[in-house]
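Could you have a look at this one before we talk? I've jotted down some points on the ligand and on the open space in the protein.

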Amino acid sequence: MRIYLDLVTRSYLMSPPEHFVVEYAINPWMDTNAPVDTELAVKQWEGLRETLVRLGHTVHVLLPEIGLPDMVYAANGAFSVDGVVYGAKFKYPQRAAEAAAHRRFYETLGWRYHLASETNEGEGDFTYLPAAHGGLILAGHGFRTEVTAHAEAQEVLGRPVISLRLTDPRIYHLDVALQPLDDANIAYYPGAFSESAQKVLAQLFPDAVVATEEDALTFGLNLVSDGRNVVLNSEATGLAASLRSAGYVPVPVELSELKKGGGSVKCCVAELRG
Ligand SMILES: CN(C)C(=N)NCCC[C@H](N)C(=O)O
């Protein structure tokens with residue numbers, strides 16, 4: 001039987017997809033000719049927000065802005081650890097203005113905000129495990145975040161950063177390939193990483209839930225876990241079964257419209273680590 005030591009109430013930031021459309025293509029999932037149902041996207045997003053609230057968590061809402069259709073992917077706006085925020089600096093100009101909206105939010109909370117010099121996409125490519133090896137940041141590079149941002153994040157946040165190179169363009173952010181399940185363990189798909197990164201992950205996380213390519217491409221790993229409940233895309237039925245066998249409680253949600261922009265559960269949810 002699994003004992004849920006890490007189960008605490010968490011705080012999240014989400015931004016509703018009121019202006020969500022696919023009018024540019026900056027990742028392999030985006031097709032500007034495929035119709036998007038914005039109303040359905042809002043309904044599905046609301047289902048995700050309600051799920052997190054029902055599980056006992058706090059969800060703050062960042063007002064969406066006209067002309068920033070990807071703002072719904074709130075995880076990409078910053079990365080915070082212990083009330084210190086490393087701001088995003090987006091790779092593509094289409095998303096650049098989102099960083100300022102996130103900055104205003106964190107400054108309202110009174111958190112210390114650091115403006116990044118290096119290109120990075122917040123929690124898209126950074127994650128934190130407080131109880132792994134004394135507190136470890138895992139960071140992806142290869143498609144969006146520059147590896148130089150990993151060193152900058154380590155300086156700003158004062159935690160060791162493990163750099164992991166991503167190699168599959170369909171899996172262009174770390175949070176499509178790997179997510180923490182609790183404060184010390186992860187689920188990940190090895191095939192998304194370089195051989196060396198795979199060795200590093202196997203060494204650091206011998207008890208990880210190892211996912212398949214299908215789990216990753218159904219955006220199953222783009223999950224939000226509170227240490228017990230794992231909220232994940234309803235298409236990822238294989239990963240849900242693996243998580244259940246490992247002692248977690250999968251909580252499927254439908255987010256088909258937001259997959260058209262190249263994201264799912266985790267992309268829509270920034271964790272506020274105060
Ligand atoms: C899980 N992923 C990939 C995220 N963390 N974010 C989704 C960003 C989608 C946006 N259209 C883009 O391409 O930037």
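Here are my notes, starting with the ligand and ending with the pocket.

1. Ground rules. This is a predicted model, where local features need pLDDT of at least 70, side-chain atom pairs count only at pLDDT 80 or more, and totals for chains, interfaces and linings use all residues. Residues are numbered from 1 along each chain as its sequence is written, and side-chain values use heavy atoms, leaving out hydrogens and water.

2. Who surrounds the ligand? There are 17 residues around the ligand, and Asn-27, Arg-95, Asp-175, Gly-261 and Cys-267 come nearest (being near takes a heavy atom within 4 Å).

3. A polar side-chain atom of His-173 lies 3.1 Å from a nitrogen atom of the ligand. The protein covers 100% of the 390 Å² of accessible area that the ligand has on its own (Shrake-Rupley method, 1.4 Å probe).

4. The pocket. About 350 Å³ of space lies in the largest pocket (on a 1 Å grid over the protein atoms alone, an open set with protein on both sides within 12 Å along at least five of seven lines; lining residues have an atom within 4 Å of a point). Its lining has 25 residues, with Arg-10, Tyr-128, Asp-183, Glu-271 and Arg-273 nearest the centre. Strand S6 (126-129) is one of the elements giving two or more residues to that lining; S6 supplies the largest share, three residues (strands are DSSP runs of E, at least two residues).

Key: Polar contact = N/O pair within 3.5 Å; in protein donor to acceptor, adjacent residues only side chain to side chain. 1 Å grid on protein atoms, 1.4 Å probe; cavity = no way out; pocket = protein on both sides within 12 Å on 5 of 7 lines; lining within 4 Å. Points joined across faces, edges and corners; volume = space filled by probe spheres on them. Helix = DSSP H or I, 4+ residues; strand = E, 2+ residues; numbered from the N terminus.
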